[in-house]
Amino acid sequence: MDLTIAALLTQDGITNGAIYALLALALVLVFTVTRVILVPSGEFVSWGTLTLAGLQLGKASGIVGLVVGMAVLAAVMETWRCIRARELVRLPRALALWCGVPLAVATLLAFAAPMRLPLPFQVLLTLAAVTALGPLLYRVAYQPLAEASVLVLLIVSVALHFAMVGLGLWFFGAEGSRTPAFSAASFRVGSVTVSVQSLLVVGTSVALIGALALFFGRTLHGKALRATAVNRAGARLCGISPEFAGALTFALAALLCAFCGVLIGPITTVYYDSGFLISLKGFVGAIIGGLTSYPIAAAGSLLVGLIESFSSFWASAFKEVIVFTLIIPVLLWRSLRTQHHEEEEE
Amino acid sequence: MMRRHGAVVGMVVLLAVLPLFAPAFWVTLANYIGLYSMTALGLVLLTGVAGQTSFGQAAFVGIGAYVTAYLTTRHALSPWLTLAIGLACTGVVALFLGFITLRMRGHYLPLATIAWGISLYYVFGNLEALGGHTGLSGIAPLTLAGVALKDERRYYYLIWFVTLAALWATHNLLDSRSGRAVRALKGGLDMIEAFGVDAARLKIVVFVYAALLACVSGWLYAHLQRFVNPTPFGINQGIEYLFMAVVGGAGSVWGAVVGASLITLLKEWLQDLLPALLGRQGNFELVVFGILMVLILQFARDGVWQWIARVLPHPAPHPVVAAPPLAPRARTAPAGPLLEVQQVTKRFGGLVAVDDLSFVVTPGEIVGLIGPNGAGKSTTFALISGALPLTAGRVLLGGESIGSKPPHEIARRGLGRTFQHVKLIGTMSVLDNVAIGAYLRGRSGVVRAALKLDRAEEAQVRAEAARAVARVGLSAQLHTAAGSLALGQQRIVEIARALASDPTLLLLDEPAAGLRFLEKQALATLLRSLKAEGMTILLVEHDMDFVMGLTDRLVVMDFGLKLAEGSPVEIQRNAAVREAYLGGVA
């Protein structure tokens with residue numbers, strides 16, 4: 001290996017690592033607020049890429065139908081809840097939020113798809129569609145189980161991952177897709193070629209991480225989310241709705257994941273089932289941060305990206321094995337630091 | 001009881017005659033159901049009973065299959081030897097994974113098993129020696145007593161013999177000394193630790209047990225298929241195993257069979273139906289499985305088995321039979337004080353919850369620890385019982401230092417306790433709950449229990465538990481589910497459980513809280529008669545009337561410091577105590 005290859009691998013690693021870091025942030029965010037380990041985040045990623053690829057061809061994918069179907073289901077559940085709680089006054093607002101907004105997004109997507117808008121608009125449409133799915137998924141699948149144990153929520157996540165992989169195959173077919181890069185330009189720094197696309201990926205990741213830090217540190221909604229993460233009942237007593245916090249978190253997470261999909265599309269071919277492995281790498285990063293620390297999760301993801309990139313050079317067949325085995329020393333280290341077992345969950 | 005047995009016998013007979021008339025396709029399906037049931041059974045124990053989970057069971061199946069495939073085809077070893085080697089490999093891996101994840105919170109094990117399941121799949125698929133993604137073929141059939149089990153109908157009997165044996169062993173295990181502790185892992189972790197169970201170790205044992213079942217299933221699979229490739233051992237299959245356990249009902253051993261049958265048959269049916277319906281090839285049954293799982297978890301957390309169990313006759317509780325008493329704890333003659341708390345301090349950051357506290361409890365005494373809210377009583381209690389580590393000072397029980405030791409080791413030294421917030425396992429009978437108290441007085445391990453070799457000791461434990469229940473006057477509720485008792489009775493069951501551990505020191509955390517007047521009187525009578533038998537008791541209590549009439553001595557705490565110590569009469573006259581309680585009005 002000479003310096004050029006090393007520099008190339010490092011650049012690859014940092015680019016992928018930046019994407020994993022965004023994913024890790026989404027996972028930590030969702031876990032701390034809702035205790036959900038968001039395994040289907042990978043499907044949000046692959047659906048991001050594949051929806052954009054569909055729009056490139058002038059097609060609105062089956063995702064439109066899914067948004068409509070879930071919105072209707074959410075509307076039925078909300079209506080039922082309002083009837084049972086005898087709070088029919090709240091129904092119009094709930095319906096507007098749970099049914100109106102998603103239906104508007106779906107209509108827009110279906111209407112705009114054949115127009116072959118410029119790339120930035122297609123990206124926005126893609127993000128809107130996948131983001132709409134986030135809160136719907138929370139409302140339909142997780143909210144009825146919000147008080148269940150982490151374990152039950154994890155099994156729900158894995159079940160949803162299963163269902164969404166199957167749906168992905170149905171919506172997008174078995175063929176993989178790539179999306180166009182935002183920029184094909186590159187420039188040289190010494191003997192190293194740096195692609196503008198890589199810089200864009202790293203730059204947007206850093207910007208988004210910064211924006212999240214501001215959101216959680218400075219805004220009321222951000223602080224409300226953090227409060228819910230610490231104590232659901234306490235947050236409720238302070239007038240913060242855990243349901244709202246959950247939906248908001250899922251919207252944010254879906255947005256981040258879809259964005260990862262848009263970023264990763266030009267780098268690698270994405271298939272309907274590629275998301276799982278991508279998101280698991282974000283998980284490894286998140287676990288390094290104990291599923292709670294944002295900065296360590298981001299640093300861990302960068303490490304995952306670098307290890308993946310270098311192991312694909314030395315032992316490409318065992319790339320995945322090496323990345324996922326990384327979890328073992330991390331867990332060992334965390335385990336040895338745990339003296340008394342932590343508080344049990346009922 | 002008999003009718004329940006009748007249902008089981010009927011099922012076994014049905015299983016025995018099935019290959020005689022069923023078409024080959026059904027026998028094949030039944031073979032797979034048997035193999036899957038075995039793996040799902042491990043998950044029932046791990047997920048439904050112990051509250052842990054694994055998505056990597058398929059990888060353990062893979063170890064069992066690949067070890068025998070490789071060693072029998074390439075090195076011509078006997079399949080019986082490769083079974084032992086496979087089990088050993090699985091055991092080592094499971095021990096390691098369990099050790100690094102099970103000491104931490106619940107979600108690290110499942111995440112580690114996802115990573116492990118994926119890694120092993122890629123290892124299988126990329127190692128030349130294991131045939132890469134094509135796999136290994138030409139595995140010899142098993143021979144049993146000179147007969148080669150080539151025919152699926154013959155192999156069927158081997159599979160179902162092993163499956164039923166696994167069900168029997170697991171059923172036995174759950175109804176034993178270790179089984180009671182396993183059933184209390186979910187929701188009673190602190191409680192079983194206080195009665196001497198090393199919970200982290202027990203969780204690892206359960207995980208290894210589940211992995212070994214999966215390994216046996218894989219070994220049988222390899223010799224049934226006579227060919228292995230990586231696909232059936234990937235993460236998706238691992239997830240399907242978990243679905244089987246959850247859909248069937250993760251709380252009962254039969255849930256494993258029900259779940260394996262349902263998922264296998266459903267998959268068979270959907271794989272024909274869905275592609276025809278959608279006009280496209282693909283694993284669309286995944287969508288149905290995923291949605292089915294979410295619905296089951298939202299609306300029927302206990303799976304399909306609960307509906308079948310409702311139709312079946314209820315099993316009558318095992319009667320308690322007379323048995324020789326368990327050996328009492330070896331008690332050394334009381335030379336000095338039984339419990340010594342020496343200059344104990346506990347800080348939480350800047351807050352000093354207990355400050356340089358010292359007192360002793362001598363054998364045969366009832367000592368009360370009292371004080372206003374926030375005085376540090378509960379913290380002191382937690383320091384003595386090992387629930388919290390000390391910041392400074394020493395705690396001696398029978399002359400031996402117990403400070404900062406884990407609760408399960410302190411229990412070994414003769415401390416029996418109750419909890420301020422009642423910690424009974426609501427679904428278990430009063431008898432079973434109390435029998436957890438006698439955990440340290442039994443010896444039988446998991447293997448003896450699974451093989452039903454523990455029955456003599458088990459009878460003794462049950463008789464001992466029944467005696468403890470009779471001692472507190474709850475014999476009529478012996479077989480009632482503990483969760484259905486009134487709070488007052490539940491507090492009394494807590495005391496019975498502590499008594500079953502044959503303690504030298506009884507630690508009672510607000511035993512009278514929430515009790516009615518008559519119940520309090522009955523409790524005081526009980527504690528006095530225990531003292532008359534030589535029991536030493538330390539209790540934390542708010543109810544002044546209760547402690548004044550009962551205790552020999554009181555230790556009064558305020559703001560983490562010892563305010564006063566003396567007989568109830570002395571304490572009632574103590575000006576400092578009155579000031580602390582009444583705010584200086586007196």
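Reader: In which sense do strand 11 of chain B and strand 12 of chain B pair, and over how many bridges?

Author: Strands of a sheet pair through backbone hydrogen bonds, either parallel or antiparallel. Two strands are said to pair if DSSP finds at least two bridges between them. Here strand 11 of chain B pairs with strand 12 (residues 536-540) of chain B in the parallel sense, over 5 bridges. Within this pair, Leu508(B) has Leu539(B) as its bridge partner.
The model is a predicted one, in which local features need pLDDT of at least 70, side-chain atom pairs count only at pLDDT 80 or more, and totals for chains, interfaces and linings use all residues. Residues are numbered from 1 along each chain as its sequence is written, while chains are lettered from A and ligands numbered from 1 in the order in which they are written.

Reader: What joins strand 10 of chain B to strand 11 of chain B?

Author: Strand 10 (residues 415-417) runs parallel to strand 11 of chain B, and 3 bridges join them. Gly416(B) has its bridge partner, Leu506(B), in strand 11 of chain B. Helices (H or I, at least four residues) and strands (E, at least two) are DSSP runs, numbered from the N terminus.

Reader: Which unit do strand 11, helix 20 and strand 12 of chain B make?

Author: A crossover is right-handed if, with the strands pointing away from the viewer, the path from the first strand over the helix to the second runs clockwise. Strand 11, helix 20 (residues 517-532) and strand 12 of chain B make a β-α-β unit of this right-handed kind.

Reader: Which residues lie on each of the faces of strand 11 of chain B?

Author: In a regular strand the side chains alternate between the two faces of the sheet. A residue is buried if 20 or more other C-beta atoms lie within 10 Å of its own, exposed if 12 or fewer, and partly exposed in between, with C-beta atoms placed from the backbone. In strand 11 (residues 505-509) of chain B, 5 of 5 residues are buried. One side carries Leu505(B), Leu507(B) and Asp509(B), the other Leu506(B) and Leu508(B), and both faces are covered.

Reader: Where does Asp502(B) lie?

Author: Asp502(B) lies in the loop between helix 19 (487-500) and strand 11 of chain B. Although Asp502(B) is not a glycine, its phi is positive, about 55°. Asp502(B) counts as buried because it has 20 C-beta neighbours inside 10 Å.

Reader: What is the order of the strands in the open sheet with antiparallel pairing?

Author: This open sheet of 4 strands in chain B has the order 6-5-8-9. Strand 6 (351-361) and strand 9 (400-401) of chain B stand at the edges with a single partner strand each, so one side of each is left without a neighbour in the sheet. Strand 5 (residues 339-348) and strand 8 (residues 392-397) of chain B pair in the antiparallel sense over 5 bridges. Gln342(B) stands opposite Arg394(B) of strand 8.

Reader: How many residues of chain B are in contact with chain A?

Author: Two residues are in contact if their C-beta atoms, placed from the backbone, lie within 7 Å. By this rule 41 residues of chain B are in contact with 42 residues of chain A. Helix 5 of chain B gives the largest share of the side of chain B that touches chain A, 11 residues. The residues of that side divide into 26 nonpolar, 12 polar and 3 charged. In this division Ala, Val, Leu, Ile, Met, Phe, Trp, Tyr, Cys and Pro count as nonpolar, Asp, Glu, Lys and Arg as charged, and the others, Gly among them, as polar.

Reader: Why is helix 6 of chain A described as largely enclosed?

Author: Helix 6 of chain A is largely enclosed by the rest of the structure because 18 of its 23 residues are buried. Helix 6 (residues 150-172) of chain A reaches 32 Å from its first C-alpha to its last, close to the 33 Å expected at 1.5 Å a residue; the expected span is 1.5 Å times one less than the number of residues. Gly173(A), with a positive phi near 80°, follows helix 6 of chain A.
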